[in-house]
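Please look at the sequence and the structure below.

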Amino acid sequence: YTLGALTFLEQYASRFVHEIGEAWSDGRIEVAHEHFASERLRDFLTSQWRPLSDRAQGPSVVCANLPGERHDLGLHMVAVVMAMSGFRVVFLGSDTPTDDIARAVERMDDAIAVLISVSRASNPLTTQRALARLRGRLNAGCQLLAGGGGAPHNVEGVRSMDNLRELGRWAPS
């Protein structure tokens, strides 16, 4: 209760996701265990951000993963931070084609940013190309932010976020 959402996300949820991934990678747990744990955390995070987003009065942000990216727990953590900051979250989720992300933003009149979560498992060159393509499709007034263990820091027009606290400072409530 008194821990605070960012502290919980950084110290517990992020570490939990990392540990579950390592345990699966090392063979200490099976895929079914990893999927079960991930689904439980996903359900919990969604139950936190969605009601806040539904009541939010601020502008919209679009949360998505690039094509091929199936790891969406980091994206749900981003949605928590955004919804707590008063933004309306349009959550497109995993494996979303860049053209579809751009079209979704074009149909909205108040989207101020697209937030992309990139896992360590992503291919760096593919990620850079997809972000550059997406940046080229978005209007200049819509920011493009990328974060996560696989987020590049060298794509023109893309702001890299190193952690959820930095994202929280970008989007003060």
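This is a predicted model: local features need pLDDT of at least 70, side-chain atom pairs count only at pLDDT 80 or more; totals for chains, interfaces and linings use all residues.

Residues are numbered from 1 along each chain as its sequence is written, and side-chain values use heavy atoms, without hydrogens and water.

Helices (H or I, at least four residues) and strands (E, at least two) are DSSP runs, numbered from the N terminus. An open sheet is formed by 5 strands in the order β2-β1-β3-β4-β5, with parallel pairing; two strands pair if DSSP finds at least two bridges between them. β2 and β5 stand at the edges with a single partner strand each, so one side of each has no neighbour in the sheet. Within the sheet, β1 (residues 60–64) and β3 (residues 111–117) pair over 5 bridges, and Ser60 stands opposite Ala111 in β3.

Contact means heavy atoms within 4.5 Å, and angles run from 0 to 180 degrees between N-to-C directions, with axes fitted to C-alpha atoms, for helices over the stretch in contact.

| Helix | Strands touched | Angle of directions |
|---|---|---|
| α3 | β1, β2 and β3 | about 170° with β2 |
| α5 (residues 124–137) | β3, β4 and β5 | about 160° with β4 |

Helix α3 (residues 73–84) also packs with α1 (residues 5–25), at an angle of about 175° and with the axes 11 Å apart. The two are therefore roughly antiparallel (an angle over 145 degrees). Residues in this contact include Leu9 and Val17 in α1 and Met77 and Val81 in α3.

Key
Angles under 35 degrees count as roughly parallel, over 145 as roughly antiparallel, 65 to 115 as roughly perpendicular and the rest as oblique.
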